[in-house]
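Me: I would like to learn how to read the strand pairing in a model of this kind. Could we go through it step by step?

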Amino acid sequence: MKNDNMKNQYRVNEQIRVREVRIVGDGGSTVVPTRQALDMAREQGVDLVEISPNAQPPVCRLIDYSKFLYQQKKRQKEMKAKQVKVEVKEIRFGPQTDEHDYQFKLKHAKEFLEEGNKVRAYVFFRGRSILFKEQGEVLLLRFANDLEEFGKVESMPSLEGKKMFLYLTPKKAGVTKKSQQKRDNERREAEAKEAERLVEEAEKPANGGLFANAKISADVLKKLTGGEE
């Protein structure tokens, strides 16, 4: 379905019914009658693809249409991969949250904001605890103040039914966390490459004959063994 939508996004060959078009390519651009542009496409064994219909005259390219769609799809994937996915993480409080629980949730909120996610903190008022809504507001304002270094307030505390919400957005772009296993693997790979480089240096002929080669080998062995004799 997505491919069909992309195909219908562009007019190709006989679908282009304007009087003239501007053909762009590596050699520059030129305005020609549409019929002539179609003949040029046939001669080159490619398609006439309209890439900018609102220009005067419309801009077209002489290109294989299947290849063009593939390049467009690839570009969209690359752009999507570069985009930072922002999630909204929830932090729930009660109107009388104790200090230990507060610090625990504050720590998690810092991690969420550092990773580039938004935080929606709220106080849930159960039953008659709605009488303590001012206490809940003070709690959320303290929460925002303690996170001032990591996030900024998107909206002040507001009561919606039995919940009072506070929204925070990250101040810095998110950084994807690497797992400990991944960091260990990268370290081992770097150490292995360094070891290979040192061995290759030892095997290269050196000026100074046998004595120089022996000195290099000794230095390499010292590096590989961490400096131990």
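Reply: Two strands are said to pair if DSSP finds at least two bridges between them, where strands (E, at least two residues) and helices (H or I, at least four residues) are DSSP runs numbered from the N terminus. This is a predicted model, in which local features need pLDDT of at least 70 and side-chain atom pairs count only at pLDDT 80 or more, while totals for chains, interfaces and linings use all residues. Residues are numbered from 1 along each chain as its sequence is written, and side-chain values use heavy atoms, with hydrogens and water left out.

Me: In which sense do strand 3 and strand 4 pair, and over how many bridges?

Reply: Strands of a sheet pair through backbone hydrogen bonds, either parallel or antiparallel. Here strand 3 and strand 4 (residues 59–63) pair in the antiparallel sense over five bridges, and Val-49 stands opposite Arg-61 in strand 4.

Me: In what order do the four strands form the open sheet?

Reply: The order is 2-1-4-3, with mixed pairing. Strand 2 (28–33) and strand 3 (47–52) are the edge strands, each pairing on one side only, and from one strand to the next the twist averages 40°.

Me: Which helix lies across strand 1, strand 2, strand 3 and strand 4?

Reply: Axes are lines fitted to C-alpha atoms, for helices over the stretch in contact (heavy atoms within 4.5 Å), and angles run from 0 to 180 degrees between N-to-C directions. Helix 2 (residues 34–44) lies across strand 1 (20–25) and the other three strands named, running at about 115° to strand 2.

Me: How many helices and strands does the protein have?

Reply: The protein has seven helices and eight strands.
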